[in-house]
Structure formats: C-alpha cells, structure tokens
Amino acid sequence: TICYRDGRCRVPFCCASPLLHCSLSLPWNPSCLKLRMAEIGIAACLCLMLAMAAGGALGSSPCDDPSVANLPFCNPDLDLVDRVKDLVSRMSVTDMISQLGNTAPAIEHLNIPAYQWWSEALHGVASSPGVSFGGKVPSATSFPQVIGIAATFNSTLFYEMGQAISTEARAMNNVGQAGLTFFTPNINIYRDPRWGRGQETPGEDPYLTSAYVEQYVAGLQFGPDQRYLKTVACCKHFSAYDLENWNGTDRFHFNAIVSDQDFAETYFPAFESCVRVGKVSSIMCSYNAVNGVPSCANNVIQNQIVRNEWDFSGFIVSDCGAINTIMADHHYTNTTEETVQVALRAGTNLNCGGFYQKYAMEAYNKSYITEADLANAVGPLFGQRMALGMFDPTHLQPYLNISTDQINSPAHQALALDAARESIVLLQNDGSLPLSAESSLKVAVIGPNSNATETMQGNYHGVAPYLISPLMGIQDAGVTSSWAFGCDVACSDSGGFAEAVTIAKGADVVIVVMGLDHGQEREGHDRNVITLPGMQLDLMQEVREAIGGRPLVLVLMSGGPVDISWAKSNANAILWTGYPGQSGGKAIADVIFGKFNPSGRLPVTYYPGDYVNQISFFNMSMRDPPGRTYKFYTGTPVFEFGHGLSYISFSRVCLGVSFGRLY
C-alpha cells in the first residue's frame with residue numbers, strides 16, 4: 001500500500017476485506033489514508049502500523065509505479081547525468097517552472113511526488129517548513145549553537161555532530177516529518193561583533209571556519225552507503241553577508257563593497273573549502289548585493305567563481321525571498337521578467353519563495369528566458385533528489401531502515417553533553433575554580449540567564465527532548481544552593497536586585513550567569529553596543545560589593561562577544577558558554593565543580609566596548625583602522641581569539657639538540 005506524501009494514494013496490492021476503523025496520526029493527508037483503509041482492509045492497515053512502529057518510510061519511490069518504472073530516469077544502473085537528462089526531457093515548460101520554488105508540487109504524468117526543499121539543521125534538526133515535531137518525533141537532539149561548537153577546535157566533533165544530525169534527519173524523513181535538503185551550515189565570517197547571526201557561525205577565522213565546514217558537511221552528506229547522499233547540505237550565505245539591520249539599512253538593501261584581497265583572504269575561503277573539500281551539494285545566495293550586484297543575480301561569483309573555478313556541480317538556492325529583493329529592494333532590475341532572467345542566468349536554480357513560479361512563465365512567453373534556461377535550472381535539482389535515492393527502488397536504500405529510536409539516542413545525548421563541555425571557555429581563574437561539590441558549600445546562583453532553558457539553544461533550533469539550565473545543573477551537583485533572578489536579560493528594572501544581594505550575602509560562593517539572548521542577537525536584529533545589556537553590570541557590581549572578598553564567578557552565556565572588562569578586573573573566575581544546548585546546565589556544572597577540565601578556546605575576538613564607535617558596521621574592509629578580527633585588529637582586546645585556560649598548568653621547554661656535520 002502506498003500513500004504518497006503529496007496526498008495521492010495508490011493501492012497496487014493487498015486484501016480487500018472491509019475495515020471499520022483505523023486511526024493513524026500521519027503528517028500527510030490522513031483523510032486520503034482513511035479512505036483507502038476503508039477500501040483495502042485491515043491487512044493493509046496492519047502493514048502500515050508495523051511500518052510506523054519500526055520508524056520505516058511510509059511511501060515509495062515514484063519509480064515503483066509501472067507507468068514510469070521502465071523509463072531511463074528510473075534505471076538505477078544508468079549514469080546519474082543520463083537519468084537527469086532523460087527526466088528533464090520529459091518535462092514541459094509548465095512542469096519545469098513548477099519545480100523552481102521551495103514548495104514544489106507533484107508532476108502527475110511523471111509520477112513525481114511533491115517536495116519541500118526547505119528544512120533546517122544548524123545544530124540539530126530544526127523547526128522549518130520541511131520539519132514537523134509531534135507524533136512519532138516529539139523532539140530531536142539539540143547540540144550547542146555553532147559558535148560554541150567552533151570553540152572546541154575539535155574537527156572530529158564537527159564530523160560526529162553532522163553524522164548524528166543526518167541520522168536523525170533520515171529517521172524523521174522516514175516517517176514523513178522532515179525533508180532531506182537542509183539549508184545549513186552558515187559559514188559567513190563573523191566580521192563585526194554587532195552582527196546578530198554571528199552565533200550561527202564558526203567565528204571570525206577563515207581557517208577554522210573552513211575546517212568546520214569540511215567536516216560538518218561531510219558528516220551531514222556522507223554515510224556508510226556511498227551510493228547515496230545521506231542528506232543534502234547547503235553552505236550559506238554567499239557572499240559577504242554579515243549584517244541584519246543597522247543604522248537604517250537592512251540586509252535586503254545592503255550593498256557590501258568588498259575588495260578582491262578581502263574576498264580572497266576572508267570572505268571566500270570557507271565557501272571554497274565547502275565546495276572543493278566538503279563536496280557540498282548546494283549553496284545559498286544571500287540577500288545583500290556585492291559591489292553593486294545582488295548576490296542571487298551575480299554571474300561573476302556564482303558562475304565564474306563557484307561553478308567554473310571551484311567546479312561546483314550542485315544547485316544554488318536563493319535565501320528566502322531574495323529573488324524578489326533583486327527588483328524590489330536593490331532596484332537592480334525593473335520588471336519581473338528581467339528579474340527572472342538575471343537570476344536564472346546567474347545560476348540561481350531554486351527560489352526559496354514563489355517568485356520564479358509566479359513570474360517565470362511570463363518571462364518565457366516574452367522570450368526573456370528559454371526552455372534551455374529552465375532545463376539548466378531544474379537539472380541539478382533532480383540530480384540531488386536522485387542522489388538521495390528518491391528515484392531508486394526502496395530495497396536498494398539502507399538509509400530507509402534508520403528508525404526513530406536513533407533520535408536523541410543515548411549516544412547522541414552523550415555527544416551533545418560532550419560537545420557542551422568541550423565548548424566552555426575558561427577565560428579567567430585565580431584558583432577559585434574548580435569548586436568542591438560538598439553539601440556544606442553554600443552557592444548563590446544569580447542572574448538573567450541562571451535558569452535559562454530555550455535560550456541555551458540559540459537561533460535555528462528544534463524541539464529539545466529536555467533542557468538543563470545552569471541552575472538545574474548546579475543544584476544537581478549536591479551543594480546547598482539558593483537562587484535569585486535579579487533581572488531579565490534586557491535588565492531595565494532593578495526591582496529584583498535586593499533579593500539577589502540578600503542571597504549573595506549568605507553564600508560562600510556567588511555564581512552570576514549573565515549575557516545575551518534572542519532579544520539581543522538574532523536573525524534580523526543586530527546589536528548597537530557590545531557591553532552587557534541594561535543594568536546587568538550594575539547587578540554584578542552590587543553583588544560584588546555585598547560579598548566582599550568571597551569568590552565571584554561570572555558565567556557568560558552569549559553568542560557574540562561582550563565587553564566584560566569590569567569582570568576581568570573584579571571577578572575571580574569567568575566562563576564563556578556560548579548557547580550550550582540541551583545539556584548546557586550539566587556541562588557548566590561539570591566544569592565549575594571539576595568533573596571536566598575546560599578546554600575551549602574563543603573563536604572570536606572580544607573587543608572593548610568603544611570598538612563600535614571606531615568603525616562603521618557597513619565598512620567591509622578587514623584592514624581599515626582599527627582593523628577586524630585577530631588578524632588585523634590593532635587595538636588591545638579584552639580577550640583575544642584563541643584564548644582559553646585550563647585547570648592544568650602547562651609549560652614549554654625547549655630541548656637543546658646539537659646537530660653534527662654531515663660529510
């Protein structure tokens with residue numbers, strides 16, 4: 001029994017005994033399924049329920065249908081290029097245009113099912129149009145946000161996280177709750193500390209970002225069966241994208257002026273590594289323009305560089321709505337027909353959005369585009385669907401056997417915890433850490449992020465199976481603890497300070513958990529200042545004054561860098577945690593109480609607060625004074641890129657070696 005995810009049902013076989021009731025919760029067309037259950041009988045219902053219990057795929061290859069099974073595009077023994085060529089040759093202009101948006105409808109006469117291209121998996125399978133939580137999959141493993149993963153400097157972890165996420169993605173796809181094409185990772189360089197999406201990236205260094213993307217993409221795309229892609233990854237946002245909305249200009253209107261040298265040294269290397277080494281299957285073009293040309297209409301960077309120089313053979317997808325911005329925001333074109341033309345011919349195969357689907361036929365009818373343009377666009381799309389196995393017999397595909405019991409498995413839970421531990425950076429320590437986890441130790445836990453849960457997931461997250469806050473982790477350590485909120489992250493009200501000061505006075509050690517959240521940094525929202533928000537510093541100062549010389553430990557939870565100069569001079573120890581994911585609180589407690597030796601290193605420079613007054617956010621130059629990132633910044637950072645301490649003391653000894661002459 002076959003129930004396609006686009007809502008069409010077919011009954012090629014099974015018994016026909018009547019069925020009074022069969023209740024199944026499915027993410028696709030339950031009314032169609034119930035109708036067929038009434039027609040085909042209880043045996044089919046039992047077959048479907050068994051498939052669901054095993055987490056198997058409810059559906060089939062479109063090539064299982066006799067009407068197309070013998071056509072060349074359905075022959076798994078043929079070369080992929082030939083199969084794609086055959087399939088595209090059978091499509092009408094209308095068929096091809098219908099496939100150019102992220103929500104692609106079925107092509108009935110070729111038995112091609114509908115497909116949703118837009119799924120997300122930045123640091124775990126995430127809520128998005130192609131992903132649904134509930135039913136068989138109520139949650140998925142939530143790993144630390146990428147900026148924290150980068151702080152581990154652990155390339156093996158980058159790969160292992162990709163493998164875990166792609167396994168969970170396949171399991172979700174097998175029960176119809178996720179696609180197989182994921183718009184991830186974000187590998188833009190964290191050029192300016194104000195950027196709201198820097199948390200999604202591996203930081204400011206092109207080499208570290210390249211190392212990350214090579215391993216993470218490999219983990220997402222490639223599994224034990226080399227015949228098929230496990231999932232399709234997408235390196236974004238190409239190119240020179242790192243501004244959301246600042247000083248009256250948003251990302252839809254921003255024109256990034258970038259020199260060839262900065263492209264070569266800073267903005268291109270990670271994308272080149274993504275293509276050449278990571279073998280990524282797709283790239284996303286960005287909203288902004290580059291040197292006067294909107295990215296998704298930029299023939300030079302997409303065709304001449306990505307496709308010709310880097311030998312990219314996958315598809316390029318626009319950021320969602322970015323085709324429309326070519327005309328509506330950048331005013332690069334004057335008509336919808338011209339917009340379709342420049343985007344297609346610049347190599348943008350797929351529009352996340354409906355612009356192509358709405359306007360491409362008119363562009364074709366007016367001869368702005370040709371049938372060949374459309375074929376060039378859809379070919380790589382179906383090439384990737386075929387590479388995923390979507391057009392091959394199900395018995396050939398081992399990834400269809402990945403079941404939902406591998407989602408948030410014990411192994412993945414352990415990996416998420418290990419990742420969170422490794423991501424924590426010990427910025428400062430006068431010997432106060434680690435603390436002794438004794439019941440007699442009185443610990444006061446204070447601050448806006450002290451009991452954070454969803455904040456620990458950062459941007460682009462799914463539904464976590466659990467979230468262990470810092471407070472929970474400290475409470476579970478076995479010490480005597482007290483807690484006061486103090487204020488929220490914006491900290492515009494000091495009404496909670498008195499309670500915080502009171503519990504601090506009665507404690508042996510005070511742990512203040514400060515920092516940022518999604519209200520301060522996120523997609524669409526940049527920061528204007530890089531100091532602690534609101535009166536957070538005032539809260540910390542009042543606590544310091546109240547406890548005298550007793551230890552004050554600052555735990556900084558943030559994606560972007562924060563000027564914590566005062567804490568550097570007045571706190572006994574400082575930890576940076578990023579947004580540490582589902583097990584963040586336990587990881588923080590494990591480091592504080594010495595169960596794990598901190599090993600993280602900062603993936604960004606921590607600038608003094610006045611940095612934002614010294615250079616415009618719009619300035620894309622890496623060298624203009626005072627310079628950007630550790631490579632070019634000429635000032636004195638609060639903490640430098642790569643900084644991170646340990647509970648172990650290290651020393652370097654130069655061994656004297658004498659070399660004799662060689663005759």
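Reader: Is C63 buried or exposed?

Author: Buried means under 20% relative accessible area, exposed over 50%, and partly exposed in between, with a 1.4 Å probe and protein chains only. C63 has a relative accessible area of 9%, so this cysteine is buried. C74 also counts as buried, at 4% relative accessibility. By contrast, C654 is exposed, with 77%.

Reader: On what basis are such values computed?

Author: This is a predicted model, in which local features need pLDDT of at least 70 and side-chain atom pairs count only at pLDDT 80 or more, while totals for chains, interfaces and linings use all residues. Residues are numbered from 1 along each chain as its sequence is written, and side-chain values use heavy atoms, with hydrogens and water left out.

Reader: Which cysteine is joined to C63 by a disulfide?

Author: A disulfide is a covalent bond between the sulfur atoms of two cysteines; here the criterion is a pair of cysteine sulfur atoms within 2.5 Å. C63 is joined to C74, with an S to S distance of 2.0 Å. Because the torsion about their S-S bond is about -80 degrees, this disulfide is left-handed. Both C63 and C74 lie in the loop between α2 (42-53) and α3, so the pair ties together parts eleven residues apart in sequence. Helices (H or I, at least four residues) and strands (E, at least two) are DSSP runs, numbered from the N terminus.

Reader: How many disulfides does this rule give?

Author: The count is five. Among them is the bond from C285 to C296, at 2.1 Å between sulfurs. Its torsion of about 105 degrees makes the disulfide of C285 and C296 right-handed. C285 belongs to strand β9, whereas C296 is in the loop between β11 (293-294) and α10 (299-309). Both C285 and C296 are buried.

Reader: In what order do the strands of the open sheet β5, β9 and β12 stand?

Author: Two strands pair if DSSP finds at least two bridges between them. The order is β5-β9-β12, with parallel pairing. The edge strands, each pairing on one side only, are β5 (234-238) and β12 (315-318). Between β5 and β9 (residues 282-285) there are three bridges. C235 has I283 as its bridge partner, and F238 stands opposite C285. Helix α9 (residues 269-276) packs on the sheet, touching β5 and β9, and its direction makes about 155 degrees with that of β5; contact means heavy atoms within 4.5 Å. Five of the five residues of β5 are buried, so this strand is largely enclosed by the rest of the structure.

Reader: At what angle do helices α6 and α7 pack?

Author: Axes are lines fitted to C-alpha atoms, for helices over the stretch in contact, and angles run from 0 to 180 degrees between N-to-C directions. Helix α6 (residues 155-174) and helix α7 (residues 206-221) pack at about 30 degrees, with their axes 7 Å apart. The residues making this contact include F158 and Y159 of α6, and L208 and A211 of α7.
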